[in-house]
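Here are a few notes to read alongside the model. Have it open while you go through them.

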Amino acid sequence: MRQTMEAMLFEGIINVEKNNRVWTFTGKSAEGKLVHYSCEADEKWSFGRVKIDKHSIKREGEPCTNIYVFLEEVIQNNLDGVLKNQFIDELLETLAKDNQSKVYQADEIPAADMHYETLESHMADGHPYHPSYKSRIGFSLEDNYLYGPEFNQDIALQWIAVSDQLADVAVSKDSSLEEMYRLHLTDEDRNRFNQIVKEKGSSDKRYVFIPVHPWQMEHRTPSLFVQQLMDKDMLLLGTSNSMYRAQQSIRSMSHRDRSDAPYIKLAMSLINTSTSRILAHHTTQNAPLISDWLHHIIQHDELLQREGFHFLREVVGVSVRYDKLNAIQYRSAYGTLGAVYRENVSTYLEEGEEAWPLNAITLIQKSGKSFIQDAIEQHGIEKWSEALVKVVSLPIIHLLYAHGIALESHSQNIILVVKNNLPVKIMIKDLHDSVRYMTKHLLHPEWAPQLHPEPETHRKFNRYSFLQAETVAEVRDYTFDAFYFICMTEICFTLEKFGLQEEDFWRACTETIVTYQAAHPEYNERFELFNLFSEDGLIEEMTKRRIYGDGELFFRKVNNPLLQAKGILA
């Protein structure tokens, strides 16, 4: 209830009256009568974000503990959005699955689990702003237990052989599909798969092996591709011998036994945080192109090398060629079968370094202890927070200012590397559809890859998903929104509990930008072009989108804490 109300109040979906810290708003009963609600809340210095005190939401003066009454009166009877009932369903699914995961959550993370792959399983809080942060529409509670990352289950991947006339494979310059097979399939797997192809396939066809999530195989794949299975354009191969664990994105898998094995991102017909988790064809084919391009930039960039910054390259992308399908099958099967292989974190870890998911910083464990408490006690809040802000911010603002490249750098896409519990560098992942730029404003437009364009059907399906922007503001706001509004604001709220004032946190963020700008006068024009101190930065209103649909784009202007902090510095 609290997270939903924070989003709806911030986005102006619900009108509120404020009397100091007591905020009041109204809902409607089933009979249409006004029902008076209240809460204790603050409008934060950070973008005007709303934070409501725990257990402070009241209905008619009494503590509100009935989620169903709350949803009926505040959303269902009170709002006109065409998707409001779907939104309510997502909230209830989130409640069920979040409650289920909390039961299995350890009081504190065991010492043996303090490495990146297992830490991903302990990130139980989901998206810090999005109310339906764990909806997982399509999963039953049994599915959630089998495949939800919080449960750290052994997952065996299914595999399917697809005729190379119906499959497209994109490969990074430094990799190969054969290398992926070697790292993920045992000799026994390969021999068994090849025997199935020999016995059940067509002798005039060559086949590509594609991994499939077991839930996807059970619920979608055979029925979606029944014609191809009948025609021997596809063959079901069964499971491979290796076991995997789900990362916090659910559909990305890490190999349990091989630390050198790339992660595998799979296509799933699942909706989570209101987004379908399919893998569009063009994103799988663009992934290695984008990775090679960004890796080339790092190799030729002194600052990024000095900061130890890396992308986890997506080295191989595999997809069905949906354009070969009949229109009816295309509509149902689009994006449902494919994979992206992503470099392992261990590729870039040096002696003594440990990798954390960045959202571990905001994690409060079941015992009530913050994940970062020991690190801050070891180094002190000032030293630790200064190191964090510099390490996390510098590569991201450099890519924006110097190179004209914005990243969807929310905390699930950033990996923090610490040494002796002190932040030393970051890595960024999820590149195939989380980069935004305008070719004419790149530092080296001649390096930019020739990408596979989004099909018109994809644009209609997700109008927010594109790489090449039409305006400079779309590039700047991608960083402004994902990195500062979501990622850094949540870190700010966490560090506030350790005594670091909001103003001091944003002053550190601003000082990092100002110091960078002073050191790089050659980019003066670009500082204005991608102005992070602007008053017109736009934030996506994600909850409005969930309630009112995609008929229009929902963005809002906010008070920019970077600009406010710059005024204090001046």
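How many of the nine residues of helix α1 (residues 2-10) are buried?

1. Seven of the nine are buried, so α1 is mostly covered. Buried here means under 20% relative accessible area, exposed means over 50%, and partly exposed is in between (1.4 Å probe, protein chains only). The buried residues are T4, M5, E6, A7, M8, L9 and F10. Just after α1, G12 takes a positive phi of about 75°.

2. Some ground rules. This is a predicted model, where local features need pLDDT of at least 70, side-chain atom pairs count only at pLDDT 80 or more, and totals for chains, interfaces and linings use all residues. Residues are numbered from 1 along each chain as its sequence is written, and side-chain values use heavy atoms, with hydrogens and water left out. Helices (H or I, at least four residues) and strands (E, at least two) are DSSP runs, numbered from the N terminus.

3. Most residues other than glycine have a negative phi. N152 is not a glycine, yet has a positive phi of about 50°. N152 sits in the loop between α5 (141-147) and β7 (158-163) and is partly exposed, at 29% relative accessibility.

4. I250 is not a glycine either, and its phi is positive, about 75°. You'll find I250 in the loop between β11 (244-246) and β12 (252-255), where it is buried, with a relative accessible area of 1%.

5. The buried residues of α18, among them F505, W506 and Y516, pack against α12 (302-306), α15 (381-401), α17 (472-496), α19 (524-529) and α21 (561-569). Contact means heavy atoms within 4.5 Å.
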